[in-house]
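I set out to record what I looked up in this structure, entry by entry.

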Amino acid sequence: MESLVSTDWLAEHLDEPDLVVVDCSWHLPATGRSGYEDYLEAHIPGARFFDLDSVSDTANPAPHMLPGAREFGRAMEAIGIGSDDRIVVYDNSPLRTAPRGWFALRHFGARNVAVLDGGFQKWVAEDHPAESGEAKPRSARFEAVERPGEVVTKAQLLAGIGLPLVDARGQPRFEGTEPEPRPGMASGHIPGARNIPYSSLYNDDGTLKGRDEIRGIFDRARTNPEQPFVASCGSGVTAASLIFAAHLLGNEGARLYDGSWAEWGADPATPKAVGPA
């Protein structure tokens, strides 16, 4: 299975027993939308819901930080996702949150994970079937083992990690000309960061742009998409789109700053910059 699959491919393989479809929709709290409520209303037949907020380190003050491996594995088994399954992740969110699910699943040992190109938006636009309500229970075994070196901490960044840092937030938030959506949060960006808004990687229909276009977007941000870099954003979600896009170009060395600006911007001791990169 390719890392990016089409809606036609999914429709053809949807009934295969080892294929698990996962809805990983998430919205900013200020929007009033709930990914779970949207899922209950309509989702791809058989899809299971992966809640980024509940499958997280709830003891950490930063939102939806990755949990430990044991906790993640138990959560996936409860949902009905196995580490040996073929997993297709999609979303129904303008934030394009499926790559966050893709990253988390692979980070904890899932062996075959793909993102649905265009997500639920494209699925329903093409008149593919949908259903409502909860998914039927499914037995699954998820042997979670955290892959080392894929997640970067605030302490590592402060010490100097020696890799380019790329911020996936929109340009106004990056430059500090637009307030952060979380109350009391400082504006701006981590000094030295480059800016590639996650939205620039997608077409209007939610599909990812072509590989040459993606490479050009990275090049204009003075970042080599085929070399290791650290991706950041508001809270570690949209940064995964940068990592996934680089993965499509063969880059397996991109890392996630999971705390992102929600952690960095909330700490009065961290250095902050405003203006263009």
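**Basis.** I worked from a predicted model, in which local features need pLDDT of at least 70, side-chain atom pairs count only at pLDDT 80 or more, and totals for chains, interfaces and linings use all residues. Residues are numbered from 1 along each chain as its sequence is written, and side-chain values use heavy atoms, with hydrogens and water left out.

I took buried as under 20% relative accessible area and exposed as over 50% (1.4 Å probe, protein chains only). The core has 53 residues, and those touching the most other members include Phe72, Met76 and Ile81. Helix 9 contributes the most, 8 residues; helices (H or I, at least four residues) and strands (E, at least two) are DSSP runs, numbered from the N terminus.

**Helix 3.** I found Ala69, Phe72, Gly73, Ala75, Met76 and Ile79 buried. The buried residues of helix 3 pack against strand 3 (48-49) and helix 4.

**Arginine 106.** I placed this residue in helix 4. Arginine 106 is buried, at 15% relative accessible area. Beyond neighbours within four places in sequence, arginine 106 is in contact (heavy atoms within 4.5 Å) with Val113, Arg147, His247 and Glu252.

Conventions
Core = buried A, V, L, I, M, F, W, Y, C linked by side-chain atoms within 4.5 Å.
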